[in-house]
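Okay, thanks for making time, everyone.

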Amino acid sequence: MSTASRLPQFAGRLASRLPRTVDARVRRLAVASLIGQTALVVTGGAVRLTASGLGCPTWPRCTDTSLVNTPEMGIHGFIEFGNRLLTFALAAVAVLMLVYLWNLRKERRDLFLLALGLLASIPAQAVIGGITVLTNLNPWVVGLHFLVSMALVVVATLLVNRAYGRTGRFATRSLPALPGVLRPVGAAVALFSAMAVMLGVVVTGAGPHAGDADAPRNGLDWDLFSHIHAVPAYLITAGTLFALVVVLMRRIPGPFRTSVILLLAVTLLQAVIGFTQYYNGIPALLVGTHMLGAALLMSAATNAADIARSSPVT
């Protein structure tokens, strides 16, 4: 039998072994996607905060003559190339997710499209990363690279919620009814979270951690934009506290209550980190922690808004 004639048989056997329902394998891959996207934010921060942004001075190769970093490049080359390698791990997870969803691609189109979006983003992120290097770490391109990562954290969070049947058209659990006001409040908090992240990118572009000693800055007033950046953070806190008060007064149990408590915890932690770094000379370690907190904030705000949107209204 020729190789060509064996391929359909192999494909049929493979398809027969893939899930026909959303099982633990699909859920684990969804969680891995969220963890991976968050890890990419952290490693990207490490590249910039250790001044390793040009550790690989060109793209797509690490050097003009090598695909990988060389010993002569030292720790900066290792850090930058390590961040590039994480992209391949995320691609592997995304491909596996699509494979495991193959038999469900029509029935669970929501999951398939979210997973496809995560996979399609990987070459896009690679290109943006390459432009970042080729433009000598232009702060606006660096900021775009970070914002795309934040968007992917949002997509991965929605993927986890759908895979676990928490939200969406195929939710497998009934959610307690919420007062109608909590839907727009949840959406507003998610919007303010996105605004805080975008303004944080502007602040970072004006700050001292450029990723390389010769990288340009955006020329804006760092102190002024730090205060502007705080405004949506105050609105996030106010909206989350309002939602929590309503939940406690109405004694609403379940996932939304948990999501609001988690969101408030992340918000307060981000506030503490933000104020501490502001008044202590913006130490790199705190900046990196703040970047991780930004990813957690976007995930927590998306989760709360998603649950509120999927809950019945009283």
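So, the disulfide: Cys-56 is joined to Cys-62, with an S to S distance of 1.9 Å. Keep in mind that this is a predicted model, so that distance comes out of the prediction. There is one disulfide in the structure, so that pair is what you'd look for. Which hand does the bond have? The torsion about the S-S bond of Cys-56 and Cys-62 is about -75 degrees, so it's a left-handed disulfide. And are these cysteines buried or exposed? Cys-56 has a relative accessible area of 0%, so we call it buried. Cys-62 is buried too, again with a relative accessible area of 0%.

Okay, on to helix packing.

Take helix 6, residues 182–206, and helix 7, residues 222–250. Their axes come within 8 Å and cross at roughly 160 degrees. Anything over 145 counts as roughly antiparallel, and therefore helix 6 and helix 7 are roughly antiparallel to each other. The crossing, where helix 6 passes helix 7, is left-handed. What kinds of residues make up that contact? Sorted by class, it has 20 nonpolar and six polar residues, and no charged ones.

Now the other pair, helix 4 and helix 5. Here the axes sit 10 Å apart, and the packing angle is about 165 degrees. That makes helix 4 roughly antiparallel to helix 5. Their crossing is left-handed. In this contact I get 16 nonpolar residues, six polar and two charged.

Last stop, the inside. The largest nonpolar core has 34 residues. Which of them touch the most other members? Those are Met-97, Leu-101, Phe-146, Met-150 and Leu-159. As for where the core comes from, at least two residues each are supplied by helix 2 (24–49), helix 3 (74–100), helix 4 (109–134), helix 5 (139–163), helix 6 and helix 9 (284–310). Helix 5 gives the largest share, with nine residues.

Terms used: Residues are numbered from 1 along each chain as its sequence is written. This is a predicted model: local features need pLDDT of at least 70, side-chain atom pairs count only at pLDDT 80 or more; totals for chains, interfaces and linings use all residues. Side-chain values use heavy atoms; hydrogens and water are left out. Axes are lines fitted to C-alpha atoms, for helices over the stretch in contact, and angles run from 0 to 180 degrees between N-to-C directions. Helices (H or I, at least four residues) and strands (E, at least two) are DSSP runs, numbered from the N terminus. Angles under 35 degrees count as roughly parallel, over 145 as roughly antiparallel, 65 to 115 as roughly perpendicular and the rest as oblique. A crossing is left-handed if the near helix is turned anticlockwise from the far one by less than a right angle, and right-handed if clockwise. Ala, Val, Leu, Ile, Met, Phe, Trp, Tyr, Cys and Pro count as nonpolar, Asp, Glu, Lys and Arg as charged, and the others, Gly among them, as polar. A disulfide is a pair of cysteine sulfur atoms within 2.5 Å. Buried means under 20% relative accessible area, exposed over 50%, partly exposed in between (1.4 Å probe, protein chains only). A nonpolar core is a set of buried Ala, Val, Leu, Ile, Met, Phe, Trp, Tyr and Cys residues joined through side-chain atoms within 4.5 Å.
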